[in-house]
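This report walks through strand pairing, the nonpolar core and the charged pairs. Keep the viewer open while reading.

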Amino acid sequence: MTIAYSFRGGKRLRKNRGLKMKTRIALALLAATSIATTAQASITVIGSQAAFSAEGPIAQNTNWDSYTGFTTPGNNFTVGALTFVEGGQNLIGGNPDYGMARSLFTDNYILGTTINIAGTYDLFAFNLGNFLSAGGTTVAITTNLNTYSFNPATLSYANNGTLTFAGYKASAGEYFTSVNYSGPEATGATDIQLGNAVPEPASWALMIVGFGMVGATLRRRAAVAA
């Protein structure tokens with residue numbers, strides 16, 4: 001009778017030990033996969049093309065240099081991972097009609113343009129210019145974690161004006177799902193770029209520590225089994 005009881009108890013002990021080990025492995029895996037994720041979502045503004053390019057490889061860079069005059073590409077106009085949704089009517093133009101060196105993508109009724117983004121990109125940038133005079137632009141960004149609003153001072157691109165670069169980097173574990181740009185001076189965009197930032201050395205170190213925890217847990221489990 002005592003032997004049977006001890007057998008059941010031993011069996012239960014091994015089972016509980018196995019559950020504890022599985023729990024440790026699960027926690028270690030969770031740490032390894034999420035250790036580089038920040039506690040709070042955020043967007044970093046990047047002020048130049050050079051600084052943006054240094055963050056990581058660019059997967060897509062879309063411009064409208066092949067368009068002259070004015071073109072209405074229709075609603076839900078898709079190029080690669082970008083889908084442009086009109087506020088009133090999608091419009092590509094400005095060169096040479098407004099004296100612009102390059103054509104921009106805008107809304108014919110000055111109601112703003114939404115860019116839906118497919119994939120999991122944490123880098124986004126574009127060059128902005130107004131068809132009319134210089135003025136403020138609202139850039140509304142939506143990610144998988146949060147929404148944000150920025151107001152770059154956009155110059156007039158007409159008559160040989162200058163484009164304004166606007167670059168953004170999402171926090172670790174966050175990626176862009178849509179970007180809306182609008183302004184009372186008819187804001188247009190070109191050089192729309194998507195990419196993924198290369199993790200900083202500190203983030204790599206934390207991830208390596210996390211995977212090291214997984215390896216140590218598995219080795220401990222093997223030793224217990226032996």
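Strands β3 and β4 (residues 82-86) run antiparallel and are joined by three bridges. F77 has F84 in β4 as its bridge partner. Strands here are DSSP runs of E with at least two residues, helices are runs of H or I with at least four, and both are numbered from the N terminus. Two strands pair if DSSP finds at least two bridges between them.

This is a predicted model, where local features need pLDDT of at least 70, side-chain atom pairs count only at pLDDT 80 or more, and totals for chains, interfaces and linings use all residues. Residues are numbered from 1 along each chain as its sequence is written, and side-chain values use heavy atoms, with hydrogens and water left out.

**The open sheet**

The β3-β4 pair belongs to an open sheet of six strands, ordered β3-β4-β7-β14-β10-β11, with antiparallel pairing. Its edge strands are β3 (77-79) and β11 (147-150), each of which pairs on one side only. Neighbouring strands of this sheet are turned by 20 degrees against each other on average, direction ignored. The axes are lines fitted to C-alpha atoms, for helices over the stretch in contact, and angles run from 0 to 180 degrees between N-to-C directions.

How many of the residues of β8 are buried? Eight of the eight are, so β8 is largely enclosed by the rest of the structure. Buried means under 20% relative accessible area, exposed means over 50%, and partly exposed lies in between (1.4 Å probe, protein chains only). L123, A125, N127 and G129 point one way from β8. F124, F126, L128 and N130 point the other way. All of these are buried.

β8 pairs with β13 through six bridges, running antiparallel. There, A125 has G167 as its bridge partner. β8 also pairs with β15 in the antiparallel sense, over seven bridges.

The largest nonpolar core has 28 residues. A nonpolar core is a set of buried Ala, Val, Leu, Ile, Met, Phe, Trp, Tyr and Cys residues joined through side-chain atoms within 4.5 Å. I117, F124, F126 and Y168 have the most contacts inside this core. Strands that each supply at least two of its residues include β7 (113-117), β8 (123-130), β13 (164-170) and β15 (187-195). In soluble globular proteins, nonpolar side chains tend to be buried together.

I117 is in contact with A81, L82, F124, F176, T177, S178, V179 and L194, leaving aside neighbours within four places in sequence. Contact means heavy atoms within 4.5 Å.

N130 sits in strand β8. At 0% relative accessibility, N130 counts as buried. A polar atom of the N130 side chain lies 3.1 Å from the backbone oxygen of T154. With 42% relative accessibility, T44 counts as partly exposed. T44 and Y168 are 124 residues apart along the chain, yet their C-alpha atoms are separated by 5.6 Å. T44 touches G167, Y168 and K169, not counting residues up to four places away in sequence.

**Salt bridges**

A search of the whole structure finds three salt bridges. A salt bridge is a side-chain nitrogen of Lys or Arg within 4 Å of a carboxyl oxygen of Asp or Glu. Side chains of opposite charge can pair when their charged atoms come close.

| Salt bridge | N to O distance |
|---|---|
| E55 and K169 | 3.0 Å |
| R102 and D65 | 2.9 Å |
| D191 and R102 | 2.6 Å |

E55 and K169 form a salt bridge. This pair links distant parts of the chain, with E55 in helix α2 (residues 49-55) and K169 in strand β13, 114 residues apart. E55 is partly exposed, at 23% relative accessible area. K169 counts as buried, at 17%.

R102 and D65 form a salt bridge. R102 lies in the loop between β5 (90-93) and β6 (104-107), and D65 in the loop between β2 (58-62) and β3, 37 residues apart. D65 counts as partly exposed, at 40% relative accessibility.

D191 and R102 also meet in a salt bridge. D191 is in strand β15, 89 residues from R102. At 10% relative accessibility, D191 counts as buried. Which residues do the salt bridges that share partners join into one network? They are D65, R102 and D191.

Methods. A polar contact is a pair of N or O atoms within 3.5 Å; within protein, one must be able to donate a hydrogen and the other to accept it, and residues adjacent in sequence count only if both atoms are side-chain atoms.
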